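The following exercises are to be worked with the sequence and the coordinates at hand.

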Amino acid sequence: MNDKYIAEDIVYAGVDDKEIDLFESQYIVPNGVSYNSYIILDEKTAILDTVDGRKTEEWLERVQEVLGDRIPDYLVISHMEPDHSGSLEALVKRYPDICLVGNAKTFAMLSQFTSVHVEGHCVTVAEGEVLSLGSHTLQFFMAPMVHWPEVMVTYEQKERILFSADAFGKFGALDTEEDWACEARRYYFNIVGKYGGPAAALLKKAGTLDIQVICPLHGPILKENLEYYIGKYQTWTSYEPEDEGVLIAYASIHGNTAKAARRLAELLEEKGVKKVVVSDLAREDMAEVIEDAFRYDRMILAAASYDAGVFPCMESFLNHLKAKAYQNRKVGILENGSWAPSAGKVMRAALEGMKNITIVEPMVTIKSALKPEDGQKLEELAESMVQ
């Protein structure tokens, strides 16, 4: 990020992490991730959030560069997850008189992650309360379960900036040029996605504010075309499809189920479906397949039977869908089994436990390799998916 100044007295002080292999030890981040932190310089000086402990020293140097000889008055804690609070102890050690600003849940959780003593050095805020720094005034809004219970966001009234915690965040270091929506969508559905209701409640609160800039804890600062970003979040938090299309997610042992999945894709395209995505659950990034499951309005599950159940990578995918509250979609099923097909029953049972899922008929069963006589069954399934 070349221009560190968000406004005249508000400075970006975050860092990029391009050495990280897995975010939260599970999400592939080929372009790294940013840990965002901000500093407001006024009569009172406030730092908004720290960074992951992996980048403590680099971040402290940035903070020192911005502050110069000034001593920070406040640290606003939006979120206690370690990628944002991991440098908190180091900051307090350097500036022992700094006052921590958080809500009651923040300070209850602080002792679980740190040995920092807050007595006499904390300000506990509640919904709508304000903190004056001089010409800048911070107003706090609680955002419980977006995506932890202690989360809050901060609205700076003078410059009309929303410091949005993990909302509106994305994967990718700030020096990476890439489409915002793709990595923001993957971030949202895999990390925040289960909590669509609380995220929608936060959007409702934000709708009462005049917001000119959104400053998330990951990803770029959003200054233009905010309607686009807010519109995406409104769609995502509602669990409604974003685009028309079909995801075919398959789990194949020896390649036969994969052939059936690809044939289904051909049939759907022949029937006019403009976007068909075929994903190999055994090899592709699970988080990206989850992203596509929520992006499109239809999905076909194709899996081999395994140990009287379903092939493990499909079972994992179904568990992820359930955990992230997959709903409001049309889904087809294809199973493969050489002697006792069982995958379809498992997939159907998992889908029936999800909200507002329409399972289309017929459920297709193939025995081992795809044969010419299976063509009619695939044709019928493809036709049901486009009706």
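The model is predicted: local features need pLDDT of at least 70, side-chain atom pairs count only at pLDDT 80 or more, and totals for chains, interfaces and linings use all residues. Residues are numbered from 1 along each chain as its sequence is written, and side-chain values use heavy atoms, with hydrogens and water left out.

**Exercise 1. The chain as a whole**

Task: State how many helices and strands the protein chain has, and what percentage of its residues count as buried.

Solution. Step 1: Helices (H or I, at least four residues) and strands (E, at least two) are taken as DSSP runs, numbered from the N terminus. The protein chain has twelve helices and 23 strands. Step 2: Residues are buried under 20% relative accessible area, exposed over 50% and partly exposed in between (1.4 Å probe, protein chains only). By this criterion 57% of the 387 residues are buried. Step 3: Along the principal axes, the C-alpha atoms fill a box of roughly 80 × 35 × 35 Å.

**Exercise 2. The surroundings of strand 19**

Task: Identify which strands pair with strand 19, and in which sense.

Solution. Step 1: Strand 17 (residues 243-251) pairs with strand 19 in the parallel sense over seven bridges, and Asp 243 is opposite Tyr 296. Step 2: Strand 21 (residues 327-336) is also parallel to strand 19, over seven bridges, with Leu 301 opposite Ile 333. Step 3: Strand 20 (residues 309-310) runs antiparallel to strand 19 and is joined to it by two bridges; Tyr 306 has Gly 309 as its bridge partner. Strands 19 and 20 form a hairpin with two residues between them, where Asp 307 has a positive phi of about 50°. Step 4: Ten of the eleven residues of strand 19 (residues 296-306) are buried, so the strand is largely enclosed by the rest of the structure.

**Exercise 3. Cavities**

Task: Determine how many cavities of 30 Å³ or more the structure holds, and which helix gives the most to the lining of the second largest cavity.

Solution. Step 1: On a 1 Å grid over the protein atoms alone, a cavity is a set of points where a 1.4 Å probe fits but cannot get out, and lining residues have an atom within 4 Å of a point. There are two cavities of 30 Å³ or more. Step 2: The largest cavity contains about 40 Å³ of space. Helix 6 (residues 196-206) supplies four residues, the largest share of its lining. Among the lining residues are Phe 168, Leu 203 and Tyr 233. Step 3: The second largest cavity has a volume of about 30 Å³, and helix 6 again gives the most, with three residues. Its lining includes Phe 141, Val 153 and Lys 205.

**Exercise 4. Local contacts**

Task: Find the backbone nitrogen reached by a side-chain oxygen of Asp 285, and the one reached by the side chain of Thr 114.

Solution. Step 1: At the start of helix 9, a side-chain oxygen of Asp 285 comes to within 3.2 Å of the backbone nitrogen of Ala 287. Such a polar contact is a pair of N or O atoms within 3.5 Å; within protein, one must be able to donate a hydrogen and the other to accept it, and residues adjacent in sequence count only if both atoms are side-chain atoms. Helix 9 (residues 286-295) is mostly covered, with eight of its ten residues buried. Step 2: Thr 114 lies in the loop between helix 4 (104-113) and strand 11 (122-124). Thr 114 is buried, at a relative accessible area of 12%, and its side chain reaches the backbone nitrogen of Val 116 at 3.2 Å.

Key
Two strands pair if DSSP finds at least two bridges between them. On a 1 Å grid over the protein atoms alone, a cavity is a set of points where a 1.4 Å probe fits but cannot get out, and a pocket is an open set with protein on both sides within 12 Å along at least five of seven lines; lining residues have an atom within 4 Å of a point. Grid points are joined across faces, edges and corners, and a volume is the space filled by probe spheres set on the points.
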